[in-house]
Amino acid sequence: MREKTLHIVELKGRPIVSGLSRGKALVSKSPLSFLGGVDPETGKVIEKNHDLNGKILANTILCFPHGHGSTVGSYVLYSLVKRGVGPKAIVNETADPVVVVGAVIAGIPMVDKIDVSRIRTGDLVEVDGDKGRVKILERG
Amino acid sequence: MYLNKEEERIYEGERGWAYQIAMKILVKLGDLYEADKLILIDSAHISGVSYKTIGDTAIEFLEALVKAGAKSKVRSTANPAGIDYNHLEEMVTLPKLHERQARIIELYESMGINPILTCTPYYLRRPREGTHLAWAESSTVIYANSILHSWTNREGGPSALAASLIGKTPNYGVHKSENRRADVLVKVETDLKNEAEFGALGIHVGRILKNEIPSFEGLLHPEENQLKHLGAAMASTGMSSLFYPCTSCPKSSDTLETLSVDTNDLKRAFESLSTTDEAPDMIYIGCPHCSFEEVKQVAQKIRNKKVKDGVKLWVCTSRYVRRKTESYVKIIEAAGGKVISDTCAVVTWLKELGVDVLMTNSAKTAYYAPTMNRVKTIFTSLDECIEAACQE
(Lines give C-alpha, C1' and ligand atoms only; values in the text may rest on other atoms or scores of the structure.)
Protein backbone atom coordinates (compact mmCIF):
# COMPACT_ATOMS: atom_id res chain seq x y z
CA MET A 1 0.00 0.00 0.00
CA ARG A 2 1.28 3.43 -0.92
CA GLU A 3 2.05 5.88 1.87
CA LYS A 4 -0.19 8.91 1.83
CA THR A 5 1.70 12.16 1.10
CA LEU A 6 1.30 14.62 3.91
CA HIS A 7 1.37 17.73 1.78
CA ILE A 8 -0.73 18.76 -1.20
CA VAL A 9 1.93 20.68 -3.13
CA GLU A 10 5.66 21.10 -2.73
CA LEU A 11 7.14 24.17 -4.41
CA LYS A 12 10.86 24.18 -5.11
CA GLY A 13 12.72 27.46 -4.78
CA ARG A 14 16.09 28.74 -3.64
CA PRO A 15 17.20 28.69 0.01
CA ILE A 16 17.99 32.22 1.25
CA VAL A 17 17.85 32.20 5.07
CA SER A 18 17.87 28.93 6.97
CA GLY A 19 15.25 27.68 9.43
CA LEU A 20 11.97 25.80 9.39
CA SER A 21 8.63 27.49 10.00
CA ARG A 22 4.99 26.58 9.69
CA GLY A 23 1.94 28.85 9.62
CA LYS A 24 -0.93 30.41 7.71
CA ALA A 25 0.02 32.09 4.45
CA LEU A 26 -0.65 35.76 3.73
CA VAL A 27 -0.22 36.28 -0.01
CA SER A 28 0.18 39.49 -1.99
CA LYS A 29 0.53 40.21 -5.68
CA SER A 30 2.31 43.54 -5.02
CA PRO A 31 5.86 44.44 -4.00
CA LEU A 32 6.09 45.56 -0.37
CA SER A 33 8.11 48.32 1.28
CA PHE A 34 8.59 47.65 5.00
CA LEU A 35 9.61 51.27 5.63
CA GLY A 36 6.44 53.32 5.36
CA GLY A 37 4.41 50.33 4.20
CA VAL A 38 4.08 48.53 7.54
CA ASP A 39 3.32 50.01 10.97
CA PRO A 40 6.33 48.88 13.05
CA GLU A 41 4.29 48.92 16.31
CA THR A 42 1.41 46.70 15.19
CA GLY A 43 2.62 44.87 12.11
CA LYS A 44 -0.32 46.17 10.13
CA VAL A 45 0.13 46.95 6.41
CA ILE A 46 -0.54 50.66 5.92
CA GLU A 47 0.69 51.23 2.36
CA LYS A 48 -2.15 52.89 0.45
CA ASN A 49 -3.70 50.90 -2.41
CA HIS A 50 -1.70 47.80 -1.43
CA ASP A 51 -3.66 44.54 -1.69
CA LEU A 52 -2.62 43.73 1.90
CA ASN A 53 -3.71 47.13 3.26
CA GLY A 54 -5.15 46.66 6.75
CA LYS A 55 -3.83 43.08 7.06
CA ILE A 56 -1.79 42.00 10.11
CA LEU A 57 1.57 40.33 9.48
CA ALA A 58 1.87 38.70 12.92
CA ASN A 59 2.72 34.98 12.73
CA THR A 60 2.00 34.70 9.02
CA ILE A 61 4.08 33.10 6.28
CA LEU A 62 4.38 36.26 4.24
CA CYS A 63 4.39 35.63 0.48
CA PHE A 64 4.93 38.52 -1.98
CA PRO A 65 6.83 39.09 -5.23
CA HIS A 66 9.70 41.17 -3.83
CA GLY A 67 10.54 44.13 -1.61
CA HIS A 68 11.23 47.69 -2.65
CA GLY A 69 12.12 51.02 -1.04
CA SER A 70 14.59 52.13 1.60
CA THR A 71 17.21 49.85 3.13
CA VAL A 72 15.86 51.00 6.52
CA GLY A 73 13.11 48.47 5.73
CA SER A 74 15.49 45.72 6.94
CA TYR A 75 15.45 47.26 10.43
CA VAL A 76 11.64 47.43 10.36
CA LEU A 77 11.41 43.69 9.65
CA TYR A 78 13.86 43.01 12.52
CA SER A 79 11.80 45.12 14.87
CA LEU A 80 8.46 43.56 13.87
CA VAL A 81 9.75 40.06 14.54
CA LYS A 82 11.41 41.07 17.80
CA ARG A 83 8.16 42.59 19.07
CA GLY A 84 6.21 39.49 18.14
CA VAL A 85 4.13 41.20 15.45
CA GLY A 86 6.21 40.08 12.47
CA PRO A 87 5.91 37.21 9.99
CA LYS A 88 7.26 33.72 10.78
CA ALA A 89 8.85 33.29 7.34
CA ILE A 90 9.20 35.04 3.98
CA VAL A 91 8.48 33.60 0.54
CA ASN A 92 9.42 35.77 -2.46
CA GLU A 93 9.57 35.45 -6.22
CA THR A 94 12.80 37.48 -6.35
CA ALA A 95 14.85 38.16 -3.24
CA ASP A 96 16.03 41.75 -2.94
CA PRO A 97 18.69 43.05 -0.54
CA VAL A 98 16.29 44.91 1.78
CA VAL A 99 14.18 41.84 2.57
CA VAL A 100 17.16 39.43 2.61
CA VAL A 101 19.02 41.52 5.19
CA GLY A 102 15.79 41.96 7.16
CA ALA A 103 15.21 38.18 7.30
CA VAL A 104 18.86 37.56 8.26
CA ILE A 105 18.84 39.96 11.19
CA ALA A 106 15.33 38.97 12.27
CA GLY A 107 16.33 35.29 12.10
CA ILE A 108 13.34 34.05 10.11
CA PRO A 109 13.51 31.51 7.25
CA MET A 110 13.32 32.84 3.71
CA VAL A 111 12.97 31.17 0.32
CA ASP A 112 12.79 32.78 -3.13
CA LYS A 113 12.22 31.75 -6.75
CA ILE A 114 8.70 30.62 -5.82
CA ASP A 115 5.64 31.46 -7.89
CA VAL A 116 3.64 32.95 -5.01
CA SER A 117 0.38 32.80 -6.98
CA ARG A 118 0.43 29.03 -6.31
CA ILE A 119 -0.16 29.82 -2.63
CA ARG A 120 -3.44 31.24 -1.30
CA THR A 121 -4.02 33.37 1.77
CA GLY A 122 -5.08 31.08 4.60
CA ASP A 123 -3.23 27.98 3.32
CA LEU A 124 -1.24 26.14 5.99
CA VAL A 125 2.31 26.12 4.66
CA GLU A 126 5.76 25.03 5.80
CA VAL A 127 8.87 26.92 4.72
CA ASP A 128 12.23 25.14 4.75
CA GLY A 129 14.88 27.81 4.42
CA ASP A 130 17.70 25.26 4.25
CA LYS A 131 16.30 23.23 1.36
CA GLY A 132 14.51 26.10 -0.36
CA ARG A 133 11.15 24.27 -0.28
CA VAL A 134 7.64 25.50 0.47
CA LYS A 135 5.06 22.84 1.27
CA ILE A 136 1.36 23.58 1.17
CA LEU A 137 0.04 21.24 3.89
CA GLU A 138 -3.61 22.24 3.89
CA ARG A 139 -5.65 24.49 1.67
CA GLY A 140 -7.27 27.34 3.58
CA MET B 1 30.68 32.20 -2.06
CA TYR B 2 34.03 30.97 -0.76
CA LEU B 3 34.82 31.72 2.90
CA ASN B 4 38.26 31.18 4.44
CA LYS B 5 38.64 29.46 7.80
CA GLU B 6 38.51 32.65 9.82
CA GLU B 7 35.43 33.95 7.98
CA GLU B 8 33.74 30.59 8.49
CA ARG B 9 34.41 30.70 12.23
CA ILE B 10 32.85 34.16 12.45
CA TYR B 11 29.86 32.87 10.45
CA GLU B 12 29.49 30.00 12.93
CA GLY B 13 29.38 32.48 15.82
CA GLU B 14 32.82 32.04 17.35
CA ARG B 15 33.22 35.81 17.86
CA GLY B 16 29.71 36.38 19.15
CA TRP B 17 26.34 37.38 17.81
CA ALA B 18 27.22 40.85 16.47
CA TYR B 19 29.98 39.61 14.14
CA GLN B 20 27.99 36.52 13.25
CA ILE B 21 25.01 38.60 12.11
CA ALA B 22 27.31 41.00 10.22
CA MET B 23 29.00 38.08 8.46
CA LYS B 24 25.60 36.54 7.65
CA ILE B 25 24.46 39.80 6.04
CA LEU B 26 27.58 39.87 3.84
CA VAL B 27 27.37 36.19 2.92
CA LYS B 28 23.67 36.30 2.05
CA LEU B 29 24.13 39.41 -0.11
CA GLY B 30 27.20 37.82 -1.68
CA ASP B 31 25.19 34.69 -2.53
CA LEU B 32 22.34 36.80 -3.91
CA TYR B 33 24.66 38.66 -6.29
CA GLU B 34 26.87 35.62 -7.00
CA ALA B 35 30.02 37.03 -5.43
CA ASP B 36 32.98 34.63 -5.41
CA LYS B 37 34.56 35.77 -2.12
CA LEU B 38 34.92 38.58 0.41
CA ILE B 39 37.46 41.34 -0.26
CA LEU B 40 39.16 43.73 2.15
CA ILE B 41 37.87 47.31 2.23
CA ASP B 42 39.65 50.55 2.99
CA SER B 43 36.68 52.18 4.70
CA ALA B 44 32.92 52.06 5.26
CA HIS B 45 30.37 54.87 5.11
CA ILE B 46 27.11 54.22 6.89
CA SER B 47 23.67 55.66 6.10
CA GLY B 48 20.69 55.53 8.44
CA VAL B 49 21.67 58.08 11.08
CA SER B 50 18.86 60.62 11.15
CA TYR B 51 16.10 59.66 13.60
CA LYS B 52 13.68 61.24 11.11
CA THR B 53 14.48 58.59 8.49
CA ILE B 54 15.28 55.48 10.57
CA GLY B 55 12.95 55.82 13.54
CA ASP B 56 12.90 53.57 16.60
CA THR B 57 13.18 50.24 14.80
CA ALA B 58 16.80 50.73 13.76
CA ILE B 59 17.70 51.87 17.27
CA GLU B 60 16.61 48.48 18.59
CA PHE B 61 18.96 46.70 16.19
CA LEU B 62 21.86 49.07 16.92
CA GLU B 63 21.30 48.61 20.68
CA ALA B 64 21.53 44.84 20.23
CA LEU B 65 24.77 45.13 18.23
CA VAL B 66 26.40 47.41 20.80
CA LYS B 67 25.30 45.16 23.66
CA ALA B 68 26.94 42.25 21.84
CA GLY B 69 30.23 44.15 21.63
CA ALA B 70 30.24 45.28 17.97
CA LYS B 71 33.26 47.38 16.91
CA SER B 72 34.22 48.71 13.49
CA LYS B 73 37.16 46.94 11.91
CA VAL B 74 37.98 49.69 9.39
CA ARG B 75 37.84 53.47 9.27
CA SER B 76 34.13 54.30 9.21
CA THR B 77 32.11 57.45 8.72
CA ALA B 78 28.39 58.14 8.85
CA ASN B 79 25.72 60.23 7.16
CA PRO B 80 24.09 63.40 8.56
CA ALA B 81 21.75 63.16 11.56
CA GLY B 82 18.51 65.09 12.12
CA ILE B 83 19.95 67.64 14.56
CA ASP B 84 23.00 69.95 14.71
CA TYR B 85 23.59 70.09 18.48
CA ASN B 86 25.82 73.15 18.03
CA HIS B 87 22.97 75.14 16.47
CA LEU B 88 20.05 74.14 18.64
CA GLU B 89 18.42 77.56 18.18
CA GLU B 90 17.93 76.59 14.52
CA MET B 91 16.59 73.10 15.25
CA VAL B 92 13.18 71.66 16.01
CA THR B 93 12.58 71.74 19.77
CA LEU B 94 10.92 68.42 20.55
CA PRO B 95 12.84 66.81 23.48
CA LYS B 96 11.98 63.24 22.46
CA LEU B 97 13.57 63.75 19.03
CA HIS B 98 16.71 65.25 20.59
CA GLU B 99 17.05 62.38 23.02
CA ARG B 100 16.46 59.63 20.46
CA GLN B 101 18.81 61.26 17.91
CA ALA B 102 21.53 61.60 20.54
CA ARG B 103 21.13 57.89 21.36
CA ILE B 104 21.62 56.89 17.71
CA ILE B 105 24.81 58.96 17.45
CA GLU B 106 26.06 57.52 20.73
CA LEU B 107 25.44 53.96 19.51
CA TYR B 108 27.36 54.48 16.25
CA GLU B 109 30.16 56.24 18.09
CA SER B 110 30.49 53.43 20.60
CA MET B 111 31.03 51.06 17.65
CA GLY B 112 33.98 53.24 16.65
CA ILE B 113 32.28 55.18 13.85
CA ASN B 114 33.49 58.77 13.36
CA PRO B 115 30.83 61.14 14.74
CA ILE B 116 31.54 63.81 12.10
CA LEU B 117 28.22 63.26 10.39
CA THR B 118 28.39 64.09 6.70
CA CYS B 119 27.51 62.81 3.24
CA THR B 120 30.93 64.04 2.01
CA PRO B 121 33.43 61.91 4.00
CA TYR B 122 35.83 62.30 1.04
CA TYR B 123 36.59 65.88 2.11
CA LEU B 124 37.86 64.55 5.47
CA ARG B 125 40.01 61.91 3.84
CA ARG B 126 40.18 61.11 0.17
CA PRO B 127 40.54 57.34 -0.37
CA ARG B 128 43.33 56.28 -2.70
CA GLU B 129 42.47 55.44 -6.31
CA GLY B 130 41.66 51.79 -6.87
CA THR B 131 40.84 50.94 -3.24
CA HIS B 132 37.70 49.01 -2.42
CA LEU B 133 35.11 50.62 -0.14
CA ALA B 134 31.70 49.73 1.29
CA TRP B 135 29.91 53.05 1.17
CA ALA B 136 26.22 53.76 1.50
CA GLU B 137 24.45 57.03 0.54
CA SER B 138 23.92 57.19 -3.21
CA SER B 139 25.61 60.58 -3.77
CA THR B 140 28.69 59.47 -1.82
CA VAL B 141 28.87 56.19 -3.75
CA ILE B 142 28.68 57.78 -7.19
CA TYR B 143 31.27 60.40 -6.20
CA ALA B 144 33.65 57.70 -4.98
CA ASN B 145 33.40 55.62 -8.17
CA SER B 146 33.33 58.44 -10.71
CA ILE B 147 35.53 61.18 -9.27
CA LEU B 148 37.76 59.50 -6.68
CA HIS B 149 38.23 56.32 -8.78
CA SER B 150 37.81 54.14 -5.72
CA TRP B 151 35.39 51.25 -6.00
CA THR B 152 32.14 50.69 -4.09
CA ASN B 153 28.75 49.16 -4.69
CA ARG B 154 25.71 51.15 -3.73
CA GLU B 155 25.41 49.79 -0.18
CA GLY B 156 22.43 50.24 2.10
CA GLY B 157 22.65 51.21 5.77
CA PRO B 158 22.71 47.63 7.14
CA SER B 159 25.18 46.22 4.58
CA ALA B 160 27.62 49.13 5.02
CA LEU B 161 27.44 48.64 8.79
CA ALA B 162 28.07 44.90 8.42
CA ALA B 163 31.06 45.62 6.16
CA SER B 164 32.38 48.11 8.72
CA LEU B 165 32.30 45.46 11.48
CA ILE B 166 33.94 42.74 9.35
CA GLY B 167 36.25 44.98 7.33
CA LYS B 168 35.23 43.23 4.11
CA THR B 169 32.58 43.29 1.41
CA PRO B 170 31.37 40.66 -1.08
CA ASN B 171 33.16 40.85 -4.44
CA TYR B 172 30.47 41.62 -7.04
CA GLY B 173 29.10 44.54 -9.05
CA VAL B 174 31.48 47.45 -9.62
CA HIS B 175 34.19 45.80 -7.49
CA LYS B 176 34.93 43.83 -10.67
CA SER B 177 36.52 45.76 -13.51
CA GLU B 178 34.40 44.02 -16.15
CA ASN B 179 31.32 45.61 -14.55
CA ARG B 180 32.75 49.13 -14.70
CA ARG B 181 32.58 49.62 -18.44
CA ALA B 182 30.37 52.37 -19.84
CA ASP B 183 27.11 51.15 -21.45
CA VAL B 184 25.78 54.41 -22.86
CA LEU B 185 27.33 57.48 -24.43
CA VAL B 186 25.57 60.66 -23.30
CA LYS B 187 26.17 63.49 -25.76
CA VAL B 188 25.61 66.80 -24.02
CA GLU B 189 24.74 69.25 -26.80
CA THR B 190 24.31 72.30 -24.62
CA ASP B 191 26.66 74.35 -22.47
CA LEU B 192 26.20 73.89 -18.75
CA LYS B 193 26.65 77.16 -16.91
CA ASN B 194 26.54 76.29 -13.24
CA GLU B 195 26.13 73.56 -10.62
CA ALA B 196 22.33 73.68 -10.90
CA GLU B 197 22.46 72.87 -14.62
CA PHE B 198 24.80 69.96 -13.91
CA GLY B 199 22.21 68.78 -11.38
CA ALA B 200 19.37 69.12 -13.89
CA LEU B 201 21.39 67.05 -16.39
CA GLY B 202 21.79 64.35 -13.73
CA ILE B 203 18.04 64.31 -13.01
CA HIS B 204 17.29 63.91 -16.74
CA VAL B 205 19.87 61.19 -17.41
CA GLY B 206 18.99 59.25 -14.23
CA ARG B 207 15.32 59.10 -15.26
CA ILE B 208 16.23 57.53 -18.59
CA LEU B 209 19.11 55.23 -17.68
CA LYS B 210 18.10 53.41 -14.47
CA ASN B 211 21.31 51.51 -13.57
CA GLU B 212 23.38 51.71 -16.75
CA ILE B 213 26.82 53.36 -16.70
CA PRO B 214 26.98 56.54 -18.77
CA SER B 215 30.02 58.12 -20.34
CA PHE B 216 29.52 61.83 -20.96
CA GLU B 217 30.74 63.70 -23.96
CA GLY B 218 30.64 67.48 -24.16
CA LEU B 219 31.22 68.47 -20.52
CA LEU B 220 33.77 71.23 -20.91
CA HIS B 221 36.22 71.56 -18.02
CA PRO B 222 33.78 70.59 -15.27
CA GLU B 223 34.76 71.29 -11.68
CA GLU B 224 34.57 68.52 -9.08
CA ASN B 225 31.76 70.43 -7.34
CA GLN B 226 29.69 70.49 -10.51
CA LEU B 227 30.28 66.78 -11.08
CA LYS B 228 29.21 66.19 -7.47
CA HIS B 229 25.82 67.77 -8.29
CA LEU B 230 25.55 65.80 -11.54
CA GLY B 231 26.22 62.49 -9.77
CA ALA B 232 24.00 63.18 -6.74
CA ALA B 233 21.08 64.05 -9.02
CA MET B 234 21.60 61.09 -11.34
CA ALA B 235 21.71 58.69 -8.37
CA SER B 236 18.42 60.19 -7.10
CA THR B 237 16.29 59.52 -10.17
CA GLY B 238 18.19 56.39 -11.23
CA MET B 239 20.18 53.54 -9.69
CA SER B 240 23.53 54.60 -11.13
CA SER B 241 26.65 54.19 -9.04
CA LEU B 242 29.22 55.21 -11.66
CA PHE B 243 29.64 57.62 -14.57
CA TYR B 244 32.53 58.81 -16.68
CA PRO B 245 32.79 62.60 -17.04
CA CYS B 246 35.24 61.91 -19.82
CA THR B 247 37.17 65.07 -20.12
CA SER B 248 40.05 62.92 -21.31
CA CYS B 249 38.36 59.77 -22.62
CA PRO B 250 39.56 58.34 -25.90
CA LYS B 251 36.93 58.78 -28.62
CA SER B 252 36.39 55.05 -28.94
CA SER B 253 32.78 54.96 -27.94
CA ASP B 254 31.27 54.45 -31.42
CA THR B 255 29.92 51.07 -30.44
CA LEU B 256 27.90 52.42 -27.50
CA GLU B 257 24.23 53.23 -27.52
CA THR B 258 23.85 57.02 -27.60
CA LEU B 259 21.64 59.40 -25.66
CA SER B 260 21.66 63.03 -26.80
CA VAL B 261 20.71 65.81 -24.41
CA ASP B 262 19.87 69.20 -25.88
CA THR B 263 18.95 72.58 -24.44
CA ASN B 264 15.23 71.72 -24.31
CA ASP B 265 15.79 68.45 -22.42
CA LEU B 266 17.86 70.33 -19.88
CA LYS B 267 15.28 73.13 -19.56
CA ARG B 268 12.45 70.65 -19.00
CA ALA B 269 14.42 68.78 -16.32
CA PHE B 270 15.38 72.07 -14.67
CA GLU B 271 11.78 73.33 -14.58
CA SER B 272 10.43 69.99 -13.30
CA LEU B 273 12.33 70.59 -10.05
CA SER B 274 10.34 73.70 -9.06
CA THR B 275 6.83 73.17 -7.75
CA THR B 276 5.90 76.78 -6.92
CA ASP B 277 6.74 80.40 -7.68
CA GLU B 278 5.89 81.63 -4.17
CA ALA B 279 8.52 83.43 -2.09
CA PRO B 280 10.80 81.02 -0.18
CA ASP B 281 10.95 80.75 3.67
CA MET B 282 14.29 78.98 3.49
CA ILE B 283 17.20 79.10 1.09
CA TYR B 284 19.28 75.96 1.32
CA ILE B 285 22.80 75.42 -0.02
CA GLY B 286 24.72 72.27 0.80
CA CYS B 287 23.26 69.08 -0.66
CA PRO B 288 25.57 67.24 -0.87
CA HIS B 289 27.43 68.99 1.98
CA CYS B 290 29.50 71.97 0.75
CA SER B 291 33.16 71.67 -0.12
CA PHE B 292 35.73 74.23 0.96
CA GLU B 293 35.29 76.06 -2.39
CA GLU B 294 31.50 76.09 -2.13
CA VAL B 295 31.53 77.68 1.34
CA LYS B 296 34.00 80.21 -0.02
CA GLN B 297 31.75 80.96 -3.02
CA VAL B 298 28.75 81.59 -0.77
CA ALA B 299 30.86 83.93 1.41
CA GLN B 300 32.12 85.86 -1.61
CA LYS B 301 28.62 86.31 -3.00
CA ILE B 302 27.04 87.33 0.32
CA ARG B 303 29.78 89.67 1.59
CA ASN B 304 28.28 93.06 2.60
CA LYS B 305 24.74 91.83 2.08
CA LYS B 306 22.02 91.07 4.63
CA VAL B 307 19.62 88.11 4.70
CA LYS B 308 15.98 89.26 4.61
CA ASP B 309 13.93 89.21 7.82
CA GLY B 310 11.77 86.13 8.05
CA VAL B 311 13.96 84.16 5.63
CA LYS B 312 16.38 81.44 6.71
CA LEU B 313 19.62 80.85 4.82
CA TRP B 314 21.17 77.48 5.62
CA VAL B 315 24.58 76.50 4.32
CA CYS B 316 25.26 72.88 5.29
CA THR B 317 28.72 71.36 5.40
CA SER B 318 30.73 68.89 7.46
CA ARG B 319 32.15 69.97 10.81
CA TYR B 320 35.57 69.44 9.26
CA VAL B 321 35.06 71.83 6.33
CA ARG B 322 33.33 74.31 8.66
CA ARG B 323 36.47 74.45 10.81
CA LYS B 324 38.69 74.86 7.73
CA THR B 325 36.58 77.73 6.39
CA GLU B 326 36.16 79.67 9.62
CA SER B 327 36.80 83.09 8.05
CA TYR B 328 34.16 82.45 5.37
CA VAL B 329 31.73 81.11 7.96
CA LYS B 330 32.06 84.43 9.81
CA ILE B 331 31.16 86.38 6.66
CA ILE B 332 28.10 84.21 6.00
CA GLU B 333 26.93 84.46 9.63
CA ALA B 334 27.54 88.22 9.73
CA ALA B 335 25.15 88.48 6.79
CA GLY B 336 22.53 86.53 8.76
CA GLY B 337 23.05 83.08 7.24
CA LYS B 338 23.72 79.92 9.25
CA VAL B 339 26.46 77.43 8.55
CA ILE B 340 25.04 74.15 9.85
CA SER B 341 26.84 70.83 10.33
CA ASP B 342 25.97 67.21 11.15
CA THR B 343 22.57 67.54 9.46
CA CYS B 344 20.92 68.91 6.32
CA ALA B 345 17.54 70.27 5.23
CA VAL B 346 16.33 66.92 3.88
CA VAL B 347 17.03 64.78 6.97
CA THR B 348 15.89 67.29 9.58
CA TRP B 349 12.30 68.17 10.54
CA LEU B 350 11.87 70.98 8.01
CA LYS B 351 8.08 71.28 8.11
CA GLU B 352 8.18 71.48 11.92
CA LEU B 353 10.61 74.42 11.57
CA GLY B 354 7.88 76.30 9.76
CA VAL B 355 9.32 75.89 6.27
CA ASP B 356 6.73 75.70 3.53
CA VAL B 357 8.69 76.86 0.47
CA LEU B 358 12.32 75.76 0.06
CA MET B 359 14.67 77.32 -2.48
CA THR B 360 17.85 75.41 -3.34
CA ASN B 361 20.63 75.02 -5.90
CA SER B 362 20.64 71.26 -5.26
CA ALA B 363 18.77 69.17 -7.81
CA LYS B 364 18.86 66.23 -5.40
CA THR B 365 17.14 68.23 -2.65
CA ALA B 366 14.62 69.71 -5.09
CA TYR B 367 13.80 66.17 -6.21
CA TYR B 368 13.36 64.69 -2.71
CA ALA B 369 12.03 67.57 -0.57
CA PRO B 370 8.41 67.57 -1.85
CA THR B 371 7.90 63.95 -0.69
CA MET B 372 10.44 63.60 2.14
CA ASN B 373 9.77 67.02 3.70
CA ARG B 374 6.33 67.89 2.32
CA VAL B 375 7.54 71.35 1.20
CA LYS B 376 7.22 73.23 -2.09
CA THR B 377 10.46 73.80 -3.99
CA ILE B 378 12.14 76.43 -6.13
CA PHE B 379 15.21 75.15 -7.95
CA THR B 380 17.74 77.68 -9.18
CA SER B 381 21.45 78.55 -9.32
CA LEU B 382 23.57 79.62 -6.34
CA ASP B 383 23.68 83.22 -7.63
CA GLU B 384 19.89 83.44 -7.69
CA CYS B 385 19.60 81.71 -4.31
CA ILE B 386 21.82 84.36 -2.69
CA GLU B 387 19.97 87.13 -4.49
CA ALA B 388 16.59 85.83 -3.28
CA ALA B 389 17.91 85.44 0.28
CA CYS B 390 19.17 89.00 0.60
CA GLN B 391 17.66 92.45 0.81
CA GLU B 392 17.99 94.85 -2.10
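Q: How many of the ten residues of α2(A) are buried?
A: This is a predicted model, in which local features need pLDDT of at least 70 and side-chain atom pairs count only at pLDDT 80 or more, while totals for chains, interfaces and linings use all residues. Residues are numbered from 1 along each chain as its sequence is written, and chains are lettered from A and ligands numbered from 1 in the order in which they are written. A residue is buried if 20 or more other C-beta atoms lie within 10 Å of its own, exposed if 12 or fewer and partly exposed in between, with C-beta atoms placed from the backbone. By that count α2(A) is mostly covered, and its buried residues number nine.

Q: Which elements do the buried residues of α2(A) pack against?
A: Helices (H or I, at least four residues) and strands (E, at least two) are DSSP runs numbered from the N terminus, and residues are in contact if their C-beta atoms, placed from the backbone, lie within 7 Å. Among the buried residues of α2(A) are A:Y75, A:V76, A:L77 and A:Y78. Their partners come from both chains: α1 (34-37) and α3 of chain A, and from chain B α3 (51-67) and α6 (157-166).

Q: How do the residues of the side of chain A that touches chain B divide into nonpolar, polar and charged?
A: The contact joins 18 residues of chain A to 18 residues of chain B. On the chain A side, β2 (14-17), α2 (73-82) and α3 (97-106) each supply at least two residues. Ala, Val, Leu, Ile, Met, Phe, Trp, Tyr, Cys and Pro count as nonpolar, Asp, Glu, Lys and Arg as charged, and the others, Gly among them, as polar. Sorted this way, the side holds 14 nonpolar, three polar and one charged.

Q: Which residue does A:I90 stand opposite in β6(A)?
A: Strands of a sheet pair through backbone hydrogen bonds, either parallel or antiparallel. Here β5 (residues 89-92) and β6 (residues 110-112) of chain A pair in the parallel sense over two bridges. The residue opposite A:I90 is A:M110.

Q: Which residue of β5(A) stands opposite A:C63?
A: The strands β4(A) and β5(A) run parallel and are joined by four bridges. Within β5(A), A:A89 and A:V91 point one way, A:I90 and A:N92 point the other way, and all are buried. The residue opposite A:C63 is A:V91.

Q: Why is A:L62 called buried?
A: A:L62 lies in strand β4 (residues 60-64) of chain A. Not counting residues up to four places away in sequence, A:L62 touches A:L26, A:L57, A:P87 and A:I90. A:L62 is called buried because the number of other C-beta atoms within 10 Å is 29.

Q: What radius of gyration does chain A have?
A: The radius of gyration is taken over C-alpha atoms, and the globule rule is 2.2 Å times the number of residues to the power 0.38. With 140 residues, a compact globule would come near 14 Å. Chain A agrees with that, at 14 Å.

Q: Which helix gives the largest share of the side of domain 2 of chain B that touches domain 3 of chain B?
A: Chain B has domain 1 (5-175), domain 2 (181-272) and domain 3 (282-389), with bounds from an automatic or database domain assignment. In the contact, 15 residues of domain 2 meet 14 residues of domain 3 of chain B. On the domain 2 side, α7 (195-209) and α8 (224-237) of chain B each supply at least two residues. The largest share, seven residues, comes from α8(B).

Terms used:
Two residues are in contact if their C-beta atoms, placed from the backbone, lie within 7 Å. Two strands pair if DSSP finds at least two bridges between them.
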